[in-house]
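Trainee: I should like to learn how to read a helix and an overall fold from coordinates. May we work through one case together?

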Amino acid sequence: SYTTDTKSREENKKTLENLYSLSVDIAKIHRLKEWVLLQDVAYVKETAGILQEMGADETTVANIIERCPEAILHTPAEINSQRALWQLVCQNEKQLIKLIEQFPESFFTTEYQQNQKANIRFFQELGFKNNIITRFLTSAPNIFYNPVEKNKNVIQTLQRNYLNLGGSEANMKIWILKLLSQNPFILLNTSTAIQDNLEFLQKNDFTDQEVLQLLSKLKGFIFQLNSTTMQKSMLFSKNIFKYSDQELKKIVLKCPALLYYSVPVLEERLEGLLKEGISIAQIRETPMVLELTTQIIQYRIKKLSALGYDIKSGKLESLNGTKKDFEVTYGKIQSKKERPVFNPVAPLHIEE
């Protein structure tokens with residue numbers, strides 16, 4: 001609803017004066033969203049007043065407006081409605097203002113207030129704690145813009161499939177809450193896409209139990225894929241590593257990255273490993289290294305090489321895992337290298 005034709009219009013002097021009075025860095029707004037300064041109507045003082053009422057000091061107010069200039073284009077009524085909405089899940093206004101400072105764009109998207117409210121209520125009824133809902137509001141705000149019926153349909157599809165795959169009624173609620181906590185973006189998919197992806201896995205001879213296992217391992221990201229890309233990725237791995245159908249299935253369960261990453265990504269990572277002198281045979285044995293970016297692999301190989309560990313002749317397990325896993329592995333190799341060799345027959349030199 002705001003015009004972005006910047007050529008023929010002048011900046012609103014009153015808006016500029018009000019922003020200067022709040023010590024807002026105008027240069028930042030010029031760089032980020034200059035069009036905001038051209039609007040005939042802006043609610044600079046009112047927006048600042050509401051934020052100050054919630055406990056924001058002058059620096060916080062300036063910081064919020066610099067990061068999200070369009071905040072000043074919302075009416076006080078819209079901002080107060082959003083404030084009341086977020087208070088449904090925030091402990092107090094101190095927490096609320098902290099969230100607004102960290103995620104101003106999420107807070108100042110006021111167009112979907114009815115949907116947001118209905119979805120907050122729905123998530124509370126599902127059993128999500130308020131701290132999880134605030135995490136959704138800030139990191140995955142789009143899921144609240146959906147009509148609540150759409151989100152309900154997706155969740156019903158997940159529940160139905162969970163039971164059809166042999167999941168128990170008793171564990172279903174915990175499973176759904178965990179899956180959505182790990183990946184709320186599942187709700188941006190359609191029920192049809194979810195159904196198609198599950199059917200693809202079943203057609204590729206994964207048992208119901210294995211499909212459930214994959215869903216949990218991939219934290220629901222499988223629903224953001226499609227059967228064509230999954231098919232291509234599996235075929236790529238099968239051809240490169242000369243896996244039989246049975247071996248491929250076993251490896252995918254162990255390393256879902258072979259299903260999740262697209263062929264160009266897998267190719268790039270494979271190439272990076274080969275450039276480091278690692279053989280196809282080594283990768284075939286430990287395909288989990290394909291979960292890591294080329295930069296991470298290079299960094300880890302460099303660190304291990306500095307300890308005299310030759311990755312080309314060793315196993316690739318030492319490269320695997322999260323940052324924390326690698327640090328543990330690295331620490332073990334380091335302490336092994338530094339430990340002096342004890343000779344039981346050597347004479348002991350004891351001071352008299």
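This is a predicted model: local features need pLDDT of at least 70, side-chain atom pairs count only at pLDDT 80 or more; totals for chains, interfaces and linings use all residues.

Trainee: How many Å should the 13 residues of helix H19 span, and how far apart are its end C-alpha atoms?

Mentor: Residues are numbered from 1 along each chain as its sequence is written, and side-chain values use heavy atoms, leaving out hydrogens and water. Helices are DSSP runs of H or I of at least four residues, strands are runs of E of at least two, and both are numbered from the N terminus. The expected span is 1.5 Å times one less than the number of residues. For H19, residues 294-306, this gives 18 Å, and the end C-alpha atoms are 18 Å apart, which agrees.

Trainee: Which residues of H19 are buried?

Mentor: Buried means under 20% relative accessible area, exposed over 50%, and partly exposed in between, with a 1.4 Å probe and protein chains only. In H19, Thr294, Ile297, Arg300, Ile301 and Leu304 are buried. Their arc around the axis (from the directions of the C-beta atoms) is only 130 degrees, which puts them on the same side of H19. Gln295, Lys302 and Ala306 are exposed on the other side.

Trainee: What follows H19?

Mentor: Glycine 308 follows, with a positive phi near 85 degrees.

Trainee: How many helices and strands does the protein have?

Mentor: There are 20 helices and zero strands. The radius of gyration, taken over C-alpha atoms, is compared with 2.2 Å times the number of residues to the power 0.38, the globule rule. Here it is 27 Å, well over the 20 Å that the rule gives for 352 residues, so the protein is more spread out than a compact globule.
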